[in-house]
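Colleague: Could you take me through some of the packing and pairing in this model? I shall ask as we go.
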Amino acid sequence: VHCDAFLNCACAHNHKYTRCLTDSRKQIRLKEVCRSIRSRTGIAGAACLASFSPSIPLHLYVCVRSEVMAGDCGVFVDWSQMGDVSRDSAPGKTEYKDQKELKQHARSGQWDKNHSQRSGVYQQLIKALPCRTVTPDAEVYRDVTGNSSSKRNPSAYPLPEFVDGTPVPQYCLKADSIGSVHAIISCIASQFPDISYCPALPAITALLLHWCQDEAQCFESVSRMLACNEPGRRLLDQTFLAYESACMTFGDLVHKYCPTAHKLMVATATDVLEVYVDWQRWVLGDLPFNFSARVMDVFLVEGYKVLYRVALAILKFYRKQCVASGSSVTKKESLEVRKDIQMFVQNIGKTVTPEKLLEKAFSIRLFSRKEITLLQLANEKSLQQKGITVKQKSSVKRKNVQLAVNADNFSSEIVSAKEIRDIWSWIPERFALCQPQLLFTTSTHGCSLNRFYAHCEGYEPTLMLIRTTNAEVCGAFLSTDWEERKRGGNKLSFFGTGECFVFRMKPEMERYEWVIIKHPELANSAPPPEENGSASQTLDKPNPDPSHLSPFLSARHFNLNSRNTSMFMAGSHDSIIIGGGDGNALYIDSELNHGRTERCLTFDNQPLCAESFQIGLLEVWGFKDDMES
């Protein structure tokens, strides 16, 4: 099989090999030669082999060439920690034309036990990413850093400031491979001067190094992820603004999809936002390697949304453990809660398998990528308006959802400071830095709907609180300015977004959100039918202003099978309505004196108090940006 010719090819690259063994063992020896070549020269070795291909039998040439081209993707790995993962198995299927099959294989762990196959799949996926025209590749790395196989000292390559002190996870790498991660990130910092904040980079780089044949290939893979410019697709946050808004978005998602876990956080942590700021670290850094590898499989196929899913699943399992332990719920410093969650995540393998974690993650019925992107944009806009675009000095403590309401300055005749804090924990994250500002109260401004509008117009969002003459307390969070009602002309028209919700405080606390949040199957591709029925079902909706960026969950971003599921708020000269469809969650007359409450399709709520009630007191609160003052 012309082993001599192949060995001459190797010698041309200054490699020293022993002579090839006799006929019965030539193929085994050729594979060993291949490994030596690929560890030093990679593609160059394959090119040399190709020059001798006419004189090598096809079946052996294909076998050997695939060995060389694949690269030894395990050179940085401490194989003693890898369990039953195979290093030498044939790569298997690495190219997918059927996206459904690719997604199914990623979620089911098809590549989990075959290191070479996972390496091949990752290279194909990353190679397919659309990137900026000028994206640094492996050759750039070799030119800048060299591709030395000698050990690198991490201290010679200090991590850049934009990782914010995040250490490199060990992830079953050899001890001296950490220096390689430092060298790669150092080179990335020089080639991507626009990155200002990216604490996930050490974990991503350490993971990808597992399935790369050398540092240069890993550098190119990370560079392509950073340079990906596919519209609507995002892989890594690269600015503090993007990172911070992602933390706020995660907080919003916890509100909606993990309400019991969120309630636990509110009850135990002095600063909920400070706990949620670690959410990316749980997934990329704290999870054990076998979990992180499975997450990476799906992340490269499905994108950023996967990180949200896994972090939500982690929080659900953490709450389950807290409940199972039977420990009493007591208030702690946020740092202590963060350490508790970090320890749980690092030891999650004791109670949860990677399969169970992903199963839980994908059982959460999140909104579409488009809707989450809208929420992210809304949060970014809020941060920009507050001037929060770069990381604050450590001495500047960020205000949080629990302390945002200053008990000394808050005075309501309906709810206590503790109760308003509970309500504040339900509102979207981008308003968490705001202070409640009293806009209207019947005890001062009288029982007039016109005065209600005069005091509330120009404010968005608002919080309505109602105390009945029977001492029942209920209310609504209203996402949109009441002035919007005028766009419907003289007709009573519904407006608002799916961030609206209704609630009751006494005799017991309960919140009712937009029905689509818990039942997304109600949003489908069917056009809204013409409706017949009561006046509350046939109200017109004003035409949206296309120049205005809609807030998160605007009904017009969904194909709803009925308008009844998107009747948020409406107002006219003789009444205001909150929630519609087969009834109203709240109906209040023009004198702000009498009201009624029923189940409605928009919020799928129970009556918030006695179905017909008399208003004892009504307050409307706005959200004052405390940072402006």
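Colleague: How many residues of strand β11 are buried?
Modeller: Strand β11 (residues 612-625) is mostly covered, with 10 of its 14 residues buried, meaning under 20% relative accessible area with a 1.4 Å probe and protein chains only. Strands are DSSP runs of E with at least two residues, helices are runs of H or I with at least four, and both are numbered from the N terminus. The model is predicted, so local features need pLDDT of at least 70 and side-chain atom pairs 80 or more, while totals for chains, interfaces and linings use all residues. Residues are numbered from 1 along each chain as its sequence is written, and side-chain values use heavy atoms, without hydrogens and water.

Colleague: Which way do β1 and β11 run, and how many bridges join them?
Modeller: Strand β1 (residues 434-441) runs antiparallel to β11, joined by 7 bridges; pairing requires at least two DSSP bridges. P436 has F623 in β11 as its bridge partner.

Colleague: And how many bridges join β2 to β11?
Modeller: There are 6 between β2 (residues 462-468) and β11, again antiparallel. L465 is bridged to E619 of β11.

Colleague: Changing topic, at what angle do α14 and α16 pack?
Modeller: Helix α14 (residues 279-286) and helix α16 (residues 305-325) pack at about 95 degrees, with axes 9 Å apart. That makes α14 roughly perpendicular to α16, a term covering angles of 65 to 115 degrees.

Colleague: Which residues of α14 meet α16?
Modeller: W279, W282, V283 and L284 meet residues of α16 including L307, Y308 and I314, where contact means heavy atoms within 4.5 Å.

Note on methods
Axes fitted to C-alpha atoms, helices over the stretch in contact; angles between N-to-C directions. Parallel < 35°, antiparallel > 145°, perpendicular 65-115°, else oblique. Buried < 20%, exposed > 50% of the residue type's maximum accessible area, 1.4 Å probe, protein only.
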